[in-house]
Amino acid sequence: MGHKGNQPDWDKIAEKFDIFLPQIAPVGEVLLQALAVLPGDKVLDLASGTGEPALTLARRQPHAVIAGIDAAEGMVRVAQKKVVAERLPNISFQTMPAEHLTFGDASFDKVLCRFGVMLFEDPLKGCREIHRVLKPGGAFAFAVWSTPETMTTMSWAARAFKDRVPEEHQPPIRKVTSLGGPGVLDELLRSAGFTQFSVTPHRFDYQYASFDAYWSAMEASEILRQQFNALPVAEQDSIRDEIARFARDFQTDHGLVIPHEYLLAVGRK
Ligand SMILES: C[S@@+](CC[C@H](N)C(=O)[O-])C[C@H]1O[C@@H](n2cnc3c(N)ncnc32)[C@H](O)[C@@H]1O
C-alpha cells in the first residue's frame with residue numbers, strides 16, 4: 001500500500017483494488033438493503049472507488065439514476081471502464097472530493113458510502129455535504145470500520161510493522177478506525193445536521209482458502225508494498241511469519257475465516 005499521509009495512495013493501487021471486492025461484498029449487500037432504492041430514485045455513492053456498491057445497484061435497478069464520486073482519479077478511471085464495458089446507461093462516475101460536492105442542494109433521494117467516510121480529509125465537512133445534497137425525507141446508509149481490534153487484518157499488519165518501520169510507513173489503522181469509537185459517529189452525524197439515524201455494529205468475515213491464499217491476495221494487491229520496501233529482505237520474511245502466527249487462531253475446517261466489525265449508519269434527512 002502506498003500511503004499519502006494517513007491513508008493509502010488510492011491512485012497507485014487502483015488497478016489492484018478489485019482483489020478485495022469479494023471480501024467486502026457482504027457490506028455492500030447490507031447497505032443496499034438498508035437503502036431500498038426504488039425505480040426513479042436519484043442515488044449518490046460517495047468514495048465509490050472502483051465502482052462498488054454503485055455498479056451492483058445500477059445492474060439491479062436500471063430505473064434508478066446513479067452518480068458515483070471519488071477523490072482519486074485512478075479509482076474513478078477503473079470504475080468508468082466498467083461502465084463502458086457493460087454499457088450501463090444509468091450510472092456515471094466523477095472525480096470529486098466528498099467535502100466539495102458540485103451537486104445542488106436536495107438533489108438525491110438516497111446516498112450511500114462503503115468504507116469511505118472515515119478516510120475523508122474532513123469527515124464533518126463531508127457529512128455536511130451529504131446532508132446538503134439529500135432531499136428532505138431522503139435516506140442515507142454508510143459503513144465505517146469499527147475499533148482497531150475488530151479491524152482484524154489491519155491490526156495484524158499494524159502489530160507486525162510496529163517496531164520495524166518508521167511512523168510514516170505504518171499501516172494507517174488510526175485513520176481507518178477513527179470513527180469506530182463509542183459515540184463518535186453519532187456525534188459526527190448530529191453535528192452534520194442529521195437528527196434521525198441509527199448506528200449499529202455488524203460483523204462479517206473475510207474468507208480465504210488458506211493463509212497462503214490470504215498472503216497472495218495481500219501481495220497481489222500491493223497493499224503492504226510501501227511498508228515492505230522500507231524493510232531489509234530478511235525482515236520481510238519475519239513479518240510474513242509473524243502475520244501467519246496471528247492468522248493461526250482463525251484457521252477453521254473451511255479455511256481462514258477472519259471476523260471484522262463495522263458500524264452501519266442509516267438515517268433520514
Ligand atoms: C476503502 S476505498 C472504498 C471504495 C468503495 N467505496 C468500495 O467500498 O469498494 C476508500 C475510497 O475513499 C476514497 N476517498 C478518500 N478520501 C476521500 C474524499 N475526501 N472524498 C472522496 N473520496 C475519498 C478513496 O479514494 C478510496 O477510493
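Where does Ala36 lie? Ala36 is found in the loop between α2 (21–35) and β3. Although Ala36 is not a glycine, its phi is positive, at about 45°.

Before I continue, two remarks on conventions. Residues are numbered from 1 along each chain as its sequence is written. The model is predicted: local features need pLDDT of at least 70, side-chain atom pairs count only at pLDDT 80 or more, and totals for chains, interfaces and linings use all residues.

The peptide bond that joins Glu52 and Pro53 is cis, with omega about 5°.

Turning to the chain as a whole, the secondary structure comes to 11 helices and 10 strands. Helices (H or I, at least four residues) and strands (E, at least two) are DSSP runs, numbered from the N terminus. The radius of gyration, taken over C-alpha atoms, is 19 Å, close to the 18 Å that the globule rule (2.2 Å times the number of residues to the power 0.38) gives for 269 residues, so the protein chain is as compact as a globular protein of that length. The C-alpha trace spans about 55 × 40 × 35 Å along its principal axes.

I come now to the ligand. It is surrounded by 19 residues, and the closest are Ala47, Gly49, Ala71, Ala72 and Arg114. A residue is near a molecule or strand if its C-beta atom, placed from the backbone, lies within 6 Å of it. By class, this shell has 11 nonpolar, three polar and five charged residues. Here Ala, Val, Leu, Ile, Met, Phe, Trp, Tyr, Cys and Pro count as nonpolar, Asp, Glu, Lys and Arg as charged, and the others, Gly among them, as polar.

Finally, helix packing. Helix α6 (residues 152–161) and helix α11 (residues 233–248) cross at roughly 135°, and their axes come within 10 Å. Axes are lines fitted to C-alpha atoms, for helices over the stretch in contact, and angles run from 0 to 180 degrees between N-to-C directions. The two helices α6 and α11 are therefore oblique to each other; angles under 35 degrees count as roughly parallel, over 145 as roughly antiparallel, 65 to 115 as roughly perpendicular and the rest as oblique. In the contact, Trp156, Ala157, Ala160 and Phe161 of α6 meet Ile239, Glu242, Ile243 and Phe246 of α11, where contact requires C-beta atoms, placed from the backbone, within 7 Å. These residues divide into seven nonpolar, no polar and one charged.

Terms used: Contact = placed C-beta atoms within 7 Å.
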